[in-house]
Amino acid sequence: MRTQVGIIGAGPAGLLLARILQVHGIESVVLEGRSRDHVLARIRAGVLEQGTVDTLNEYGVGERLMHEGIPHAEMQLRWAGRRHALPLVDETNRRMTTYGQAKVVRDLIDLRETDHLPLLFDAPVESLEDVNSDRPRIRFAHDGQQRTLECDFIAGCDGFHGVSRQYSPDAEEKSALREYPYGWFGVLVEAAPNPEIRGFAHTTRGAAVCSARSKTIGRLYLQVDPNENLDAWSDDDIWNELDLRMQDGSNNRLNRGRILQRDFARLRAFVCESMRYGRLCIAGDAAHIVPPSGAKGLNLAVGDVRVLAEALRRFLTKGDTDLIDRYSEICLRRIWHSVHWSCLLTDAIHMAPGQSRFDTQMQYEALQHWVYTEIGRKHFVSSMLGLPYEV
Ligand code: FAS
């Protein structure tokens, strides 16, 4: 097989890159290691920055999003048993929109399949060859055969546990990692999200997060110890703990319903600053991981892919290497800004094991500053809404 751009991974990064390249008349093949059902069933991000919404609309993938997306007007924060809120819209009317990652991925897959463009599922990539030559190759398995995809360029969009990052020789030395001593026990629930109980709660029992994936599906999280036995929690235990942590002195309670899915997410922050080596570029979670508190993971992937698609367009159509040479530098400005914000927010709302009353008071001061000072609100809103794109 031969193509211009070989894309590893059919997550948001790989699929959106394929779409943008297609619009610019550049061929690609997407190789996805898991099955189509598995990819479509994965529940992850839920909140899109304005830039992500605009990008999906710009490339013709926004129709369902504009019908089903739920724009946010405010962020609720709870601490010391009280509810506080701040507007989440900036002076240019940019805002966050709730629209689950599973829907973004489905929209992109539907479009690719409607256009009959190559997207191979159950096609795990096993190795890359000659990434520093002008004829890089991808070795993958498909339908019980060992296959090779010859390309002009390889895009590693294969997530944190993917294969591509290891083919950048200085990736290890140029990577930075922070592991948090707690994680998120997440549940997907069939219950209409209660608009009076949204956002983050800081409590001495641990943080809680209440968000929506649609008007009838809620996505709720409890901070737990990484070694927590999640099976020991009955459904009632989960609902009671969520109500306990989200209480704010009012009689509001969460709408309850069937728990459709349980999962656990480690909280970590990771950045690999070597995002390009020869004819290989990595994008999305293959290059960075942010604690989900800042709702940045998917949005950062979109930012990377915008730069990568334009860099590949200029290189493959005009031989212009300027943007591809600056790919890492441009992406990292946005990445580090989002990682910093996500870690600030994570540190402010979670209880660290053994933290002192002094530490807790420092958290209250940070939360107070973001909600009740003009400069704090500006910082909070501009960080949540994300930096403007450079490309
Ligand atoms: P992805 O991991 O989505 O996609 C990579 C793809 O590559 C996968 O389909 C994988 O199967 C495939 N792949 C891997 N190795 C391969 C190989 N060798 N060959 C072929 N294919 C291979 N972000 C937010 O913004 N908000 C949230 O609330 C949020 N919640 C999250 C909750 C959980 C439990 C997790 C795990 C992540 C969450 N994230 C959240 C982050 C998440 O949404 C990512 O940022 C997003 O999926 C990044 O997209 P991709 O870079 O495309 O990586």
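Helices and strands are DSSP runs, the former of at least four residues and the latter of at least two, numbered from the N terminus. With these names in hand, the predicted model can be explored part by part. Is Met275 buried or exposed? Its relative accessible area is 1%, and buried means under 20%, so Met275 counts as buried. Thr148 lies 127 residues away from Met275 along the chain, and the C-alpha atoms of the two residues are 23 Å apart.

Because its relative accessibility is 2%, Glu49 is classed as buried. Which side chain does the side chain of Glu49 contact? Its partner is the side chain of Arg334, and the polar contact between them spans 3.0 Å.

Most residues other than glycine have a negative phi. Asp122, which is not a glycine, has a positive phi of about 50°. Asp130 also goes against that pattern, with a positive phi near 50° in a residue other than glycine. As for location, Asp122 belongs to the loop between β8 (119–120) and β9 (125–129), while Asp130 is found in the loop between β9 and β10 (137–142). How accessible are these two residues? Asp122 has 44% relative accessibility and therefore counts as partly exposed. Asp130 is partly exposed too, because its relative accessible area is 41%.

How many residues surround the ligand? There are 31 of them, and Glu32, Arg42, Gln101, Val125 and Asp285 are the closest. By class, this shell consists of 14 nonpolar, 9 polar and 8 charged residues. Backbone atoms of the protein can be found beside the ligand at several points. At Gly33, a polar backbone atom is 2.9 Å from a nitrogen atom of the ligand. At Asp285, one of the closest residues, a polar backbone atom is 2.8 Å from an oxygen atom of the ligand. At Leu298, the distance between a backbone N or O atom and an oxygen atom of the ligand is 3.2 Å. On its own, the ligand has 990 Å² of accessible area, and the protein covers 86% of that. The elements that supply two or more residues to the shell are α1 and α7 (297–318).

Attention can now turn to the spaces inside the protein. How many cavities of 30 Å³ or more does the structure hold? There are 2. Sorted by class, the lining of the largest cavity has 9 nonpolar residues, 4 polar ones and 1 charged one.

The second largest cavity holds about 40 Å³ of space. Around this cavity are Leu15, Ala18, Arg19, Gln22, Leu108, Leu111 and Arg112. Helices α1 (12–23) and α5 (101–114) each provide at least two of the lining residues. Which element gives the most to this lining? It is α1, with 4 residues, and α1 is also one of the elements named above for the shell around the ligand. The lining of the second largest cavity comprises 4 nonpolar, 1 polar and 2 charged residues.

Finally, there is a pocket to visit. The second largest pocket has a volume of about 230 Å³. Its lining is formed by Pro87, Val89, Asp90, Glu91, Arg94, Glu374, Arg377, Lys378, Val381 and Ser382. Helix α11 (residues 374–385) makes the largest contribution to this lining, with 5 residues. How do the residues of this lining divide by class? The tally is 3 nonpolar, 1 polar and 6 charged.

Technical notes. Residues are numbered from 1 along each chain as its sequence is written. This is a predicted model: local features need pLDDT of at least 70, side-chain atom pairs count only at pLDDT 80 or more; totals for chains, interfaces and linings use all residues. Side-chain values use heavy atoms; hydrogens and water are left out. On a 1 Å grid over the protein atoms alone, a cavity is a set of points where a 1.4 Å probe fits but cannot get out, and a pocket is an open set with protein on both sides within 12 Å along at least five of seven lines; lining residues have an atom within 4 Å of a point. Grid points are joined across faces, edges and corners, and a volume is the space filled by probe spheres set on the points. Ala, Val, Leu, Ile, Met, Phe, Trp, Tyr, Cys and Pro count as nonpolar, Asp, Glu, Lys and Arg as charged, and the others, Gly among them, as polar. A residue is near a molecule or strand if one of its heavy atoms lies within 4 Å of it. A polar contact is a pair of N or O atoms within 3.5 Å; within protein, one must be able to donate a hydrogen and the other to accept it, and residues adjacent in sequence count only if both atoms are side-chain atoms. Accessible areas come from the Shrake-Rupley method with a 1.4 Å probe; for residues, only the protein chains shown count as cover. Buried means under 20% relative accessible area, exposed over 50%, partly exposed in between (1.4 Å probe, protein chains only).
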